[in-house]
Amino acid sequence: MPGFSANEFVVYPTHGVGQVIAIEVQTVAGASLELFVLYFPKSKMTLRVPTQKAESVGMRKLSSPTVIQHVRQTLLQAAPRTRTSWLRLGKEYEAKIKSGNIIAIAEVVRDLCRRSVNSEQSYSESQLYQRDRCDGSP
């Protein structure tokens with residue numbers, strides 16, 4: 001499990017980038033529980049995450065410049081041609097998105113964007129693309 005420290009910026013899957021503002025111990029149901037206290041400036045929200053659950057909920061450190069470069073290269077690659085059914089492909093995409101792995105997510109974005117441009121998308125694929133696109137469009 002990656003260690004996190006106070007004042008470190010982290011990624012929390014459903015809320016984005018936040019800062020560990022403290023690590024505190026609270027008593028919950030008679031048990032002592034160590035928590036990361038995260039603050040998300042964009043939403044002005046504070047979240048407490050049990051330190052033992054941080055990895056399983058997908059909390060991670062920010063990506064390094066090397067990883068970001070790999071993501072950029074992935075996005076520039078041509079989407080592979082596939083003859084897999086959309087049902088199977090959709091499950092694969094969902095698993096990659098839920099993994100929190102930034103490179104796997106980049107692969108999904110690349111594949112869905114390329115397929116949308118080429119009008120090869122099924123209705124379900126189009127819905128996934130519309131839901132998960134990150135260019136700010138409705």
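## Surface and overall make-up

The protein chain exposes about 9200 Å², and carbon and sulfur atoms supply 54% of this area, where accessible areas come from the Shrake-Rupley method with a 1.4 Å probe and, for residues, only the protein chains shown count as cover. This is a predicted model, in which local features need pLDDT of at least 70 and side-chain atom pairs count only at pLDDT 80 or more, while totals for chains, interfaces and linings use all residues. Residues are numbered from 1 along each chain as its sequence is written, and side-chain values use heavy atoms, with hydrogens and water left out.

Buried residues make up 25% of the 138 residues in the protein chain; here buried means under 20% relative accessible area, exposed means over 50%, and partly exposed is in between, with a 1.4 Å probe and protein chains only. Among the contacts in the protein chain with a separation of 6 or more, 45% come from residues 24 or more positions apart, a contact being heavy atoms within 4.5 Å.

## Order of the elements

The protein chain has four helices and five strands, and from the N terminus on these elements run β-β-β-β-β-α-α-α-α. Helices (H or I, at least four residues) and strands (E, at least two) are DSSP runs, numbered from the N terminus.

## The sheet

The five strands form an open sheet in the order β4-β3-β2-β1-β5, with antiparallel pairing; two strands are said to pair if DSSP finds at least two bridges between them. At the edges stand β4 and β5, each with a single partner strand, so one side of each is left without a neighbour in the sheet. Strands of a sheet pair through backbone hydrogen bonds, either parallel or antiparallel.

Strand β2 (residues 16-28) is joined to strand β3 (residues 31-40) by nine bridges, and E24 stands opposite L35 in β3. Strand β1 (residues 9-12) is joined to β2 by four bridges, again antiparallel, and a hairpin of three residues leads from β1 to β2.

## Aromatic pairs

A search of the whole structure finds two aromatic pairs; rings of Phe, Tyr and Trp (its six-membered ring) pair if their centres lie within 6.5 Å, and planes under 30 degrees apart count as stacked, over 60 as edge-to-face and the rest as tilted. The rings of F4 and F36 have their centres 5.4 Å apart and their planes at 90°, so this pair is edge-to-face. The pair links distant parts of the chain, with F4 in the segment before β1 and F36 in strand β3, 32 residues apart. F4 counts as buried because its relative accessibility is 8%, and F36 counts as buried because its relative accessibility is 4%.

The rings of Y12 and F40 have their centres 6.4 Å apart and their planes at 70°, so this pair is edge-to-face. Y12 lies in strand β1 and F40 in strand β3, so the pair ties together parts that are 28 residues apart in sequence. Y12 and F40 are both buried.

## Helix α2

Helix α2 (residues 86-99) has 14 residues and reaches 19 Å from its first C-alpha to its last, close to the 20 Å expected at 1.5 Å a residue, where the expected span is 1.5 Å times one less than the number of residues. Its buried residues are W86, L89, G90, Y93 and K96. Seen down the axis of α2, these buried residues fall within an arc of 125°, so they line one face of the helix; the arc is that of the directions from the helix axis to the C-beta atoms. An α-helix has 3.6 residues a turn, so residues three or four places apart point the same way.

The face of α2 turned away from its buried side carries the exposed residues L87, R88, K91 and K98. After α2 comes G100, whose phi is positive, near 80°.

## Two single residues

D111 is found in helix α3 (residues 102-117) and counts as buried because its relative accessibility is 7%. Leaving aside its neighbours within four places in sequence, D111 is in contact with A79, P80 and Y93.

E55 lies in the loop between β4 (45-50) and β5 (60-61), and E55 is partly exposed because its relative accessible area is 48%. E55 and G3 are 52 residues apart in sequence, and in space they are 9.7 Å apart, C-alpha to C-alpha.
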